[in-house]
Every structure is written in structure tokens, then in C-alpha cells.
Amino acid sequence: MFAFGTWLPVFQFRGHQGAVRGLTASTDGRILVSCGTDCTVRLWNVPLATVTDSDDSSDNSVKPLAVYVLVIPLLLKYDVLRHFVSFYYKPNYSSPFFRAVDHQWNGDLFATAGAQVDIWDHNRSQPVNSFEWGKDTVISVRFNPGEPNVLATSARMNKCSKPCKLPGEVSRAEQAMSWETAYGHRTKTNSIAWNPMEPMNFTAANEDCSCYSYDARKLDEARCVHKDHVSAVMDIDYSPTGREFVTGSYDRTVRIFQFNAGHSREVYHTKRMQSCDGSYVISGSDDTNLRIWKAKASEQLGVLLPRERRNQEYLEAVKNRYKHLPEVKRIVRHRHLPKPIYKASALRRIMTEAERKKEERRRAHSAPGSMPRVPLRKKRIIKEIE
């Protein structure tokens, strides 16, 4: 855990014997839950930080409050993991570790994703409930901010226990022992984020370089399709205001989207999740570094005088008034991109246009009405199951 101002480590949470795949915090920030490739989930208590904690050179590691173990017979062969094994948990051979974790917004429950979705309580050593979707592997899970007993998951759809088999991805909203809904997507959904101000809406980060916003009450059509990435979108998170969300992609860019806009308003490229007030974005990279960015790149940092604030508000009002003019729109939307991303964007536009022309030619040489026009918001969805 780092101090935001100095970026020095304040506390260290040691205990996992492998990579940490998921991390979440309770609403009050007092509890942390982590899961990793060592098949364990650990519950941590966040101590109160003092001014001298970041300057203290002594050991500031924190002991876990509880350890929850996923038992796999293969682990019995390794002495280093023998003390993690507990025979009170039902073995599951589909997935060797937990892949994601999320904490309930208001409550003592948290959910883990892997071969199945398990619901845990802080005070119990076994899951209080479990959800399975055939033999599929769940890769992300998110609790709804408005309905504490509702959560959404995304998974790799290899095989479905339902009467129909859905190729691609399945995402679903579940309420414990009450109802569950699923929709099949043609490509994999890597992550999901609920809109904190509109809890009925969520956005899915997809492998097809786009993000799709849905209304949980109507999953047969996306409310909006967000484009601009040129590679798979790996992660997504909403601003606390619910007006914007940030995405991280395999093309090594981070983009900020309006919740109802089809294209990004800002792009960052260097080797992001939203801060508590939406002013900063923090990104992690495979080069083992954390980077902090301004959500508005041109915004001035520090204390502003009243005269400076009025001047900025006036300039922003002028841009909003004349943003429809082509000359102003070109300047506002222009962003410098690295050459590989710029070329990949141009190539993707050519491929999209070629697909559109091919479809138009097929429609022109087919019987009337045999190839109806399907909007993009519905084209990527295969089927909805309740």
C-alpha cells in the first residue's frame, strides 16, 4: 500500500506464494481481500496510517485476518503448499486457482471467480453460496452498487449445461437463489464494471477491441458501443461520478470514454482505474511500474486563484459553444498517437469498411428480405437465456 502524495510504501501485505490475480476493498476501506495463483483467498485488515509510517524503515508488513483455501489434489505433492491445504472445502478440478474477487458494497460478503462463483462471509471458512454455469471458467465478477445481492460475471464459454450451446462469451447478472440471466457474446468479455450512479447499467470490456454498455433489464441489445481501441480491451472501471469510464487495452493505451459516447475523449499511451474524485487515473503495467495521470491532461494542478478559475471556465464555455464547427472539432479531437497504434487504427478502418462493403454486396445479390440489416448493438449478441 502506497501513500498518494509521496508514493512510498506504507504497508506490505505478505502471504501469497504466487501471483496475486485479484484485489478488492470494502466500502469503508478497512478490509482488503486478495486472491492468487496459490489457490488461496486472504482477508486483510488495513491499519490506520500515520505520518511516520512511510518514513519508518522497520518491517511494516501486515498479517492476514483469515485464509480461505481451494483444495486441489495436485497441491498435495508440493511441500511448500502443504500447509495451505484444507479438507473442508470441496475439490474442484476445473480451475487450479481463483481468478478474480470483489467485495459487496454494503455488507460482509465477497465473491470469488474461478471454476465457479463462490460467495464468502468474513466470519465463515466455507462459501455460503456457489454458482456454476456448466463447466465454464469465470474470469471476472462485480457486485452491483445499488442491489447488494446482485452481481455480474463474465466467463470463457467452453461448454454450457443448458439445452443450447452458446459459442463465445457469457455474462450474467445473478441474485442469490432468486434469478439469473445470461447472454451469449461472440467474443470473450474480459471485465465488467457497473455504473455507480445508474446501477441498472454496466459496461463490458470485450476482446473485439470495443466496449459494450448494457441495461441489465434488457440484455438483447447494447445501449452503446464504445470504439477506438485497436486490440483487446483488458480492463475497465467507472468514475465515481458515473459520467465516464476508463479502459486499458492490449494495444498499450488507456482511454477515457463518456458513458454515452461511442468514441474516447482522451487517450494515454505509455508503457488506468479512476481515483476517488475522478481527477486522476492510476495504471499498472507489466514493467512493474504504477503511473498516475490527470483525467484532464490540460488541467492545471495546484490551488487556482479566482481570476484563473474564471478564465478556465470561460475558455471551456467557448469550446463547448463552438465545438460543432469543423475547425474547432478537429482541434479538440486531435491526439498524437504512436506510429504502431496510428497504423493499426488505419488498418482496422480499412478492414471494417471492407466488411461493410462485402455485406452490402451480399445483400444486393440475395433475395429481398433474406438478409435483414442488424445494428451493431445487436450483431455481437447471440442469445439471451433466463
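This report describes selected strands, loops and a helix of a predicted model.

Strand E17 (residues 211-215) is largely enclosed by the rest of the structure, because 5 of its 5 residues are buried. In a regular strand the side chains alternate between the two faces of the sheet. In E17 both faces are covered: Cys211, Ser213 and Asp215 are buried on one side, and Tyr212 and Tyr214 are buried on the other.

E17 runs antiparallel to E16, to which 5 bridges join it. Within this pairing, Asn201 stands opposite Asp215. The two strands form a hairpin with 4 residues between them, and Cys209 in the turn has a positive phi of about 75 degrees. E17 is also joined by 3 bridges to strand E18 (residues 224-226), again in an antiparallel arrangement. Here Tyr212 stands opposite Val225 of E18.

Asn195 is located in the loop that links strand E15 (189-194) to strand E16 (201-206). Its relative accessible area is 1%, so it counts as buried under the 20% cut-off. Leaving aside neighbours within four places in sequence, Asn195 contacts Pro145, Asn201, Phe202, Tyr238, Gly242 and Phe259. Asn201, one of these contacts, is the residue that stands opposite Asp215 in E17.

Gln104 occupies the loop between strand E7 (100-103) and strand E8 (109-113). With a relative accessible area of 5%, Gln104 is likewise buried. Not counting residues up to four places away in sequence, Gln104 touches Thr27, Leu109, Phe110, Phe143, Pro148 and Asn149.

| Side chain | Backbone atom | Distance |
|---|---|---|
| Asn195 | nitrogen of Met197 | 3.1 Å |
| Asn195 | oxygen of Gly242 | 3.2 Å |
| Gln104 | oxygen of Pro148 | 2.8 Å |

Pro148 is among the residues touched by Gln104, and its backbone oxygen is reached by the Gln104 side chain at 2.8 Å.

**Helix H3**

Helix H3 comprises 26 residues (339-364); at 1.5 Å a residue it should span 38 Å, which agrees with the 38 Å between its end C-alpha atoms. Ile341, Ser345 and Arg363 are buried in H3. The buried residues of the helix pack against strand E21 (253-258).

Key
Residues numbered from 1 in each chain as written. Predicted model: local features only at pLDDT ≥ 70, side-chain atom pairs only at ≥ 80, totals over all residues. Heavy atoms only, no water. Expected span 1.5 Å × (residues − 1). Buried < 20%, exposed > 50% of the residue type's maximum accessible area, 1.4 Å probe, protein only. Contact = heavy atoms within 4.5 Å. Polar contact = N/O pair within 3.5 Å; in protein donor to acceptor, adjacent residues only side chain to side chain. Pairing = 2+ DSSP bridges.
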